[in-house]
Amino acid sequence: MYPDEAATGGVASRVYLDNVCGTSVAASDRFNINSQLEHLQAKYVGTGHADVNRFEWAVNIQRDSYASYVGHYPILAYFAIAENESIGRERYNFMQKMLLPCGKPPDRDQED
């Protein structure tokens with residue numbers, strides 16, 4: 001128990017714990033976090049933004065996955081063995097799937 005906790009009814013300990021745990025965030029820290037997030041969203045397409053719909057988000061996830069499969073040789077070799085195809089054929093198939101990974105986009109009036 002903190003010295004001034006008895007006098008304030010436990011308020012001092014909550015303030016102290018908030019400051020120690022870092023849960024109380026100053027307004028400047030919130031601005032800094034938001035500006036860092038906006039910077040990442042502008043720099044990297046796959047991080048999304050507030051106006052990304054479900055289809056665009058799914059396309060980004062699928063393309064990132066296929067790019068990872070093509071870029072990491074052991075994973076590509078694993079898929080080639082599992083599907084009984086050559087590594088070059090699997091690489092080609094993944095590159096083709098990256099064009100339209102989730103099919104055709106939905107009509108604009110049916111967005112979620």
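The structure is a predicted model. Its fold contains 6 helices and 0 strands, so that reading from the N terminus gives the order α-α-α-α-α-α. Of the 112 residues in the protein, 14% are buried. The accessible surface amounts to about 9000 Å², and carbon and sulfur atoms supply 56% of this area.

Two packed helices are described by the angle between their axes and the distance between the axes. For helix α4 (residues 54–71) and α6, the axes come within 9 Å and cross at roughly 160 degrees. Angles over 145 degrees count as roughly antiparallel, and α4 and α6 are therefore roughly antiparallel to each other. Their crossing is left-handed. On the α4 side, the contact is made by Y66, Y69 and V70, while α6 contributes R91, F94, M95 and K97. Sorted by class, this contact of α4 with α6 has 5 nonpolar and 2 charged residues, with no polar ones.

N84 sits in the loop between α5 (73–82) and α6 (87–97). Its phi is positive, at about 55 degrees, although N84 is not a glycine. Is this residue N84 buried or exposed? Exposed means over 50% relative accessible area, and N84 counts as exposed because its relative accessibility is 71%.

Technical notes. Residues numbered from 1 in each chain as written. Predicted model: local features only at pLDDT ≥ 70, side-chain atom pairs only at ≥ 80, totals over all residues. Heavy atoms only, no water. Helix = DSSP H or I, 4+ residues; strand = E, 2+ residues; numbered from the N terminus. Buried < 20%, exposed > 50% of the residue type's maximum accessible area, 1.4 Å probe, protein only. Areas by Shrake-Rupley, 256 points an atom, 1.4 Å probe, with all protein chains shown as cover. Axes fitted to C-alpha atoms, helices over the stretch in contact; angles between N-to-C directions. Parallel < 35°, antiparallel > 145°, perpendicular 65-115°, else oblique. Left-handed = near helix turned anticlockwise from the far one by under 90°. Contact = heavy atoms within 4.5 Å. Nonpolar A, V, L, I, M, F, W, Y, C, P; charged D, E, K, R; others polar.
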